[in-house]
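Hi,

Here's the structure I said I'd pass along.

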Amino acid sequence: MPHPVRVLPSLLSADFAHLADELARCAAAGAKSLHVDVMDAHFVPNLTIGPFIVEAMRRSTDLHLDVHLMMTDPLRYVDDFRKAGADAITIHVEAVGPRSMAQAIDRVRATGAQVGLAFNPDTNPELWLPHLARVDLAMFMTVYPGFGGQAFIPQVRPYIRAVRAALPNLAIQVDGGINRETIPLVIADGADRLGCGNAFFKDKDPAGFLAWAEAQGT
């Protein structure tokens, strides 16, 4: 693996009524980074959080905040999320399109955040390899984005393998249906960043789950 495997607790599955406690629970379990899903009720059917909540998270934790913009117009908000405390900002290729992607990458990079490109399950990432060579992270949606708790889509696995073969040093993240059954599969395909929602937050021993998952990459 080009990087150690890392679990990113996906806060979509956290208890937002006790968000500061949930952030502390992630840190106590050994997490180094948190995955923050931002949905606009347009690009995806659900509506979640905005920069104000990310700012509140930043005040409550020193952990790396990996912000995933599932938005129709992500570039309109990248400055706001960066100012709120996002350390990494991932945008969807489907929202930006090929003609504007180079400028979009530059736009996110200019904020000082790490840059990620996300792919829906039916998007072929091989068409985007020149752009992936310029970013910090490729994120594969292994469910259709919009809601937590969905079943893993195995048809994404060849795409993960193709990008890993083409870009051996790129961080590759998976998001959706990532649990004890699917983690060994996606790590074998080349993923080294695991966005885990229910699998982490609903485990009776989140620290044990995190340690087990990260050990699968050794």
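Below is what came out of it, going from the whole chain down to one residue.

First, a caveat: this is a predicted model, so read everything here with that in mind.

On the fold as a whole, the protein chain carries ten helices and eight strands. The C-alpha trace spans about 45 × 35 × 30 Å along its principal axes. I also checked the radius of gyration: a compact globule of 218 residues would come out near 17 Å, and the protein chain has 16 Å, so the two agree. Looking at contacts with a separation of 6 or more, 66% are between residues 24 or more positions apart.

Next, the surface and the charges. Of the 218 residues, 52% count as buried. The accessible surface of the protein chain is about 9,400 Å², and carbon and sulfur atoms make up 53% of that area. As for charged side chains, there are 19 positive and 24 negative ones, with the centres of the two sets 3 Å apart.

The residue I'd point you to is Asp192. Where does Asp192 lie? You'll find Asp192 in the loop between helix 8 (183-189) and strand 8 (193-196). Is Asp192 buried or exposed? Its relative accessible area is 0%, under the 20% cut-off, so Asp192 counts as buried. And which side chain does the Asp192 side chain make a polar contact with? That partner is the side chain of Arg164, at 3.3 Å.

Cheers

Terms used:
Residues numbered from 1 in each chain as written. Predicted model: local features only at pLDDT ≥ 70, side-chain atom pairs only at ≥ 80, totals over all residues. Heavy atoms only, no water. Helix = DSSP H or I, 4+ residues; strand = E, 2+ residues; numbered from the N terminus. Rg over C-alpha atoms; globule rule 2.2 N^0.38 Å. Buried < 20%, exposed > 50% of the residue type's maximum accessible area, 1.4 Å probe, protein only. Contact = heavy atoms within 4.5 Å. Areas by Shrake-Rupley, 256 points an atom, 1.4 Å probe, with all protein chains shown as cover. Lys, Arg positive; Asp, Glu negative; His and termini not counted. Charge placed at Lys NZ, Arg CZ, Asp CG, Glu CD. Polar contact = N/O pair within 3.5 Å; in protein donor to acceptor, adjacent residues only side chain to side chain.
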